[in-house]
Every structure is written in structure tokens, then in C-alpha cells.
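Here's a quick tour of side-chain contacts, charged and aromatic. Have the model open as you read.

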Amino acid sequence: MHTPLSIDLIAQLANPHIVAALQRLTAQLPGTDFAVACSGGVDSAMLGLHASLWARQQGKTLHFFHVHHGLQQRAEGWLQHVQDLAQRLGVACHATRVQVDLSQGDGMESAARTARYQAFQQMAAQTGVRHVFLGHHLDDQAETVLLRLLRGAGPTGMGAMAERTERDGLVYLRPLLNIPRSDLITVAKQFAEHTDWEPVWDPTNLQDDYTRGALRERLTPHLNERWRGWQRVLVRHAQQSQQADEILTEVAAADLAQLDHNTDDQSFDLALWRKLSSARQALVLRYWLGQQGMLMPTQARLDDMMRQLNQLHALGFDRQMRVKHAHAWVCCHKGRVFLQFDTSA
């Protein structure tokens, strides 16, 4: 057992910019119980240190959520390492072991992420937590922008990670998006000097088999050498993309409202939709699909939807208009465009 560190020592080690980010991001949030998703690595561990200071200062109860993915033998010891850190910081630690489902064909990284969020939801239900801090930092944000650019993302995707997102009833907060990883490493070294506790190292972060690992191993060193400060440039681009996306969302919502949109069955008027410019037709379709929980279509799928909708009879009498998208069909009947979900799936 370790005696919790004094608040004075934690405050001495803490980076004031991180403390300020935590205070700003949580200023108007209700609730007394918060959690840090803590793997034991430098990012989440140092977020945990700062969040423990914030919690003590604000009279909040902090929890650590640790997820064991069962993918690495060395991860067997990480839980004890996280528990040691939690004891030093006076924080309750909760852990869940998950089974990563690779049958969906989304890849290891995506499957592990899905399992991780499901585990967070379970632990949150057990502890009464509604807000979870995530340790994504400025370098992660820059990598996300670069990866999404390479995948052909639009304004929404280029906005990368938001400071606040909601998923399955939980609110996820990212207070480190403007903090470079080097700042976290500096705090971690100082923390180790006082406590002998050091973060764990995950070798998959640099493994070429994983997309981010390949980027960090192959591309990042060249960018660091040639374009110093590229991370902040890309993060600024993400912030501008988020602002542009907010404007486009407002435009799409206003356009959909003008299409005699039925909020009960989510249908809209085909003839009114056709009066929009091609760009706004596409914008409304994406927004409309997103509002119904659908994944964004590929450009080819979207083009096909628009082509068929524009070629229909003016009143949409062609009952054969059915374009498959994920687990639903985009249909048109009597001049109304609607989604028909596949209930057999």
C-alpha cells in the first residue's frame, strides 16, 4: 500500500496549462463522480495526476478506469501498475478485461476501441460516472488530422477529435488536445524522481502493423526534421475544420427544415430537395443520414443516391427506388424520401 501524495506535492509537479484546461472544460458540468481512462502509459497517467489535483481542489470524486484488452502478455502487469498510481494519488481504480471481437472486419485498432468504450460504459454504470477524461494530446490530434487527410475525409472528419463528445450516454472529455506530449513526459520524469513510479510503455505504439504506429515510425521523424511545429499547424487546421463543420451543420439543418421534413418518420419532400444546388443536396443527405444514426456514405454511394433521386419522376412514383446503405435502404414513394431499415439483420 502507498500513502497518497500530498496535494502540495502534486500541485508542485503539475503543469498549470493542464490544470487550467481541466478547469475550463468542466466549469459548467454537473455531477460529483468523474473518471480517467488510464492505461498506465505516460499520457493517461499524467492526465490522471492532474485530474486528481483538480478533483481535490473542486471537491469531486475521481476514478481510474483501466481496460485489459488481452492482446499482449506484458499487459498482465499493467493493472497492478495503474493500481499503484491510483493509491499514490488517492483515487479509486476499477478494471475490466475485454474480449476484442475481430469478426466485424474493421481491424484490430477499431475492434479494440469498440471493446474499450463498451468497458467504460460498464464501469461508469457501476460507479455513477457520467464524464470520462481521455488522454489524447496535441500530437495525437495532429496524427488524426494527417490520417484522415490520407483517407479522404471531409470537413467533419478533418475536425478530428473534439474536446467533448457523447457516446452511449457518457460524455468524454479531452483536456489535453492543446498540450504537446513532451510536456507530459516532462511531468512524468519529475513524478518519477519523487515517487519512483514510471509509466508503462506499449510497443504497439510504434509497430508498423498498426496504422498510427506506421505513421509514428516512418513519417513523423521526417516531418519533425523538415517541418518543425507541424503538429500545431495541423491542430489549428482541425480547429478551423470544426468551425466550418458547425456552419455547414447549421446550413444543412435549415435546408432540411425547408423540405417539409416530417420529424415522425424523418421523410422529406423530393421536389423541394431538387431545388437545392447539387452541393446542398449532398450536404442535406449526409446530415439527414447522420441524424438517423447512419454512417456517412462513400462518395460513390452518395453520387448514386443523388443520381437516382434526380432521375425519378417529379413526384417520385417509382416505387423501385431503393438504394442500399448499411442496414437500411434510401427509398422514395409518392414524392417522399425516407429510410427503410432492414429489421431482419
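## An aromatic cluster

Both phenylalanine 34 and phenylalanine 133 are buried (under 20% relative accessible area; over 50% is exposed and in between is partly exposed, using a 1.4 Å probe and protein chains only). Before going on, a word on the ground rules: this is a predicted model, where local features need pLDDT of at least 70 and side-chain atom pairs count only at pLDDT 80 or more, while totals for chains, interfaces and linings use all residues. Residues are numbered from 1 along each chain as its sequence is written, and side-chain values use heavy atoms, with hydrogens and water left out.

Back to the rings: the structure holds eight aromatic pairs (Phe, Tyr or Trp rings, the six-membered one for Trp, with centres within 6.5 Å; planes under 30 degrees apart are stacked, over 60 edge-to-face, the rest tilted). Phenylalanine 34 and tryptophan 54 are edge-to-face, because their planes sit at 80°, with centres 5.0 Å apart. That pair ties strand E1 (residues 33-37) to helix H3 (residues 42-58), parts 20 residues apart in sequence (helices, H or I, are DSSP runs of at least four residues and strands, E, of at least two, numbered from the N terminus). Phenylalanine 34 comes in at 0% relative accessible area, and tryptophan 54 is buried as well, at 2%.

Phenylalanine 34 also pairs with phenylalanine 133: the centres are 5.9 Å apart and the planes at 15°, so this one is stacked. Here strand E1 meets strand E4 (residues 131-133), 99 residues apart in sequence. Together, ring pairs link Phe34, Trp54 and Phe133 into a cluster.

## Salt bridges

The count comes to eight salt bridges (a Lys or Arg side-chain nitrogen within 4 Å of an Asp or Glu carboxyl oxygen). One of them joins aspartate 255 and arginine 280, with the closest N and O atoms 2.7 Å apart. This pair connects helix H10 (residues 230-257) with helix H12 (residues 278-291), 25 residues apart. Aspartate 255 is buried at 7%, whereas arginine 280 is partly exposed at 37%.

For a local case, look at arginine 307 and aspartate 304, with N and O as close as 2.6 Å. Both lie in helix H13 (residues 299-311), three residues apart, about one turn of the helix.

## Charges over a ring

Which charged end sits over the ring of tryptophan 329, 4.4 Å from its centre? That's arginine 322 (the rule: NZ of Lys or CZ of Arg within 6 Å of the ring centre and within 35 degrees of the ring normal). Lysine 324 lies over the face of tryptophan 329 too, at 4.9 Å from the ring centre.
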